[in-house]
Amino acid sequence: AGGDITVEPGEILLAQQGAPAGLRLLNGDNIFLSAGAINGATAGIAAVTDVILRTSGDTSLGFAEAGDDVDAVSGVGSISIGMARTTGLGEDTVEGSEFGDGSNIVLDAAQDVTLDNSDGANDVLLTARAGSIRSAGTLAADSDLFATAGTDIAVNNATTGFNIEFNADAS
């Protein structure tokens with residue numbers, strides 16, 4: 001690990017030949033991936049500071065971990081992450097963010113958001129503009145958990161230090 005990683009091709013497939021499932025890893029200080037799609041359902045991304053993911057299509061990861069923020073936006077697709085974690089140990093590099101000070105998990109998709117488990121050192125903010133939000137595990141945030149969906153929200157378990165707010169428009 002070391003240094004920043006910036007990748008901006010058409011599609012990113014996180015895979016390493018010969019690596020056991022779940023042990024595929026992109027690791028760096030700051031990781032910024034921008035692509036048509038990111039496909040790494042059994043892969044993971046870990047960054048000392050920030051993991052920033054931008055896609056026009058779908059994003060699929062086994063896990064994403066950052067010392068500061070995990071921030072994923074899908075312009076027209078869905079986001080699915082098995083585990084997202086922020087430790088609070090990374091430098092807060094996003095000043096004046098609408099999400100407050102660092103160590104936030106922010107997932108914003110045009111369609112569905114699936115986050116099975118989270119461990120947020122600050123806030124967890126989930127937005128599925130025209131779709132649903134799903135979690136089969138536990139969503140944990142040391143501060144607040146906010147979820148807004150265009151259709152519905154189904155969460156198995158949620159814990160926070162302060163507020164939980166779910167808003168769904170199932171009309």
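**View 1. Asp 144 in the loop between β13 and β14.** In this predicted model, Asp 144 occupies the loop that joins β13 (133–141) to β14 (145–149). Its relative accessible area is 13%, and Asp 144 therefore counts as buried, the limit being under 20%. Beyond its neighbours within four places in sequence, Asp 144 is in contact with Asn 122, Asp 123, Val 124, Thr 160, Phe 162 and Asn 163. The C-alpha atom of Asp 144 is 9.8 Å from that of Ala 121, a residue 23 positions away along the chain.

**View 2. Polar atoms around the side chain of Asp 144.** A polar atom of the Asp 144 side chain lies 3.0 Å from the backbone nitrogen of Asn 163. The backbone nitrogen of Asp 144 is in turn reached by the side chain of Asp 123, at 3.0 Å.

**View 3. Asp 123 in the loop between β11 and β12.** Asp 123 is placed in the loop between β11 (113–120) and β12 (124–128). Although buried, Asp 123 has no salt bridge; Arg 54, the nearest side chain of opposite charge, is 16 Å away. A polar contact of 3.2 Å links the side chains of Asp 123 and Ser 143.

**View 4. Leu 115 and the largest nonpolar core.** The largest nonpolar core comprises 30 residues. Leu 53, Leu 107, Leu 115 and Leu 126 have the most contacts inside this core. In soluble globular proteins, nonpolar side chains tend to be buried together.

Conventions:
Residues are numbered from 1 along each chain as its sequence is written. This is a predicted model: local features need pLDDT of at least 70, side-chain atom pairs count only at pLDDT 80 or more; totals for chains, interfaces and linings use all residues. Side-chain values use heavy atoms; hydrogens and water are left out. Helices (H or I, at least four residues) and strands (E, at least two) are DSSP runs, numbered from the N terminus. Buried means under 20% relative accessible area, exposed over 50%, partly exposed in between (1.4 Å probe, protein chains only). Contact means heavy atoms within 4.5 Å. A polar contact is a pair of N or O atoms within 3.5 Å; within protein, one must be able to donate a hydrogen and the other to accept it, and residues adjacent in sequence count only if both atoms are side-chain atoms. Lys and Arg count as positive and Asp and Glu as negative; His and the chain ends are not counted. A salt bridge is a side-chain nitrogen of Lys or Arg within 4 Å of a carboxyl oxygen of Asp or Glu. A nonpolar core is a set of buried Ala, Val, Leu, Ile, Met, Phe, Trp, Tyr and Cys residues joined through side-chain atoms within 4.5 Å.
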